[in-house]
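Please read the points below alongside the model.

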Amino acid sequence: MKHIFLCIALICTLYLTSCSKEDGDWEPMKWKTTATTAKDGYIYVDSDGGTFVFQCRNYSGPWMADVVQTEDEKSVRYNPPETDGKTDFKKIETTWLTSACENNTVTVKIQPTTAPHYRTMHVTVTAGDIFFTFKFKQYGLCTNQ
């Protein structure tokens, strides 16, 4: 009887001291950068392109999830490349940009554009069950910068 009581007490203690958050309830990723995000959530890039560096302050070693590029209401999704059956989650290169993760730093280099209108790029990184999307909108040659 004494053993049953001890087992019940141990189970109750473990239950009451276990994590209080739901499984999958991760703290949002926090970033340090000099890039300015507009009220609409986008980082605006001039037609000459640019390089943007982001340092994750609360997760180590994020990796690339995907890149989605949109122009003229047509979207193309790029996944991390696969070579010899192995996926390289550290870098995604497209015709518009190169995005790379190293340690806790994400670098996005956006190429110049000759398009007359805006184009958007969404770069998504992950650190497990948490994701973050950097949203870029690049001015075209005929849009106001």
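The notes that follow take the sheet, then a hairpin, then a threonine.

1. This is a predicted model, in which local features need pLDDT of at least 70 and side-chain atom pairs count only at pLDDT 80 or more, while totals for chains, interfaces and linings use all residues. Residues are numbered from 1 along each chain as its sequence is written, and side-chain values use heavy atoms, with hydrogens and water left out.

2. An open sheet of five strands runs in the order β1-β3-β10-β9-β8, with antiparallel pairing. Strands are DSSP runs of E of at least two residues, numbered from the N terminus; two of them pair if DSSP finds at least two bridges between them.

3. Strand β10 is joined to β3 (residues 50-56) by six antiparallel bridges, with T51 partnered by K109. Six antiparallel bridges also link β9 (residues 97-102) to β10 (residues 105-110). Here A100 is partnered by T107 and E102 by T105.

4. β9 and β10 form a hairpin with two residues between them. In the turn, N103 has a positive phi of about 55 degrees.

5. T126 belongs to strand β11 (residues 119-126). T126 is buried, at 4% relative accessible area (buried means under 20%, with a 1.4 Å probe and protein chains only). Leaving aside residues up to four places away in sequence, T126 touches M29, P62, W63, A65 and F131 (contact: heavy atoms within 4.5 Å). Its side chain reaches the backbone oxygen of G128 at 2.9 Å, and that of I130 at 2.9 Å.

Notes
Helix = DSSP H or I, 4+ residues; strand = E, 2+ residues; numbered from the N terminus. Buried < 20%, exposed > 50% of the residue type's maximum accessible area, 1.4 Å probe, protein only. Polar contact = N/O pair within 3.5 Å; in protein donor to acceptor, adjacent residues only side chain to side chain.
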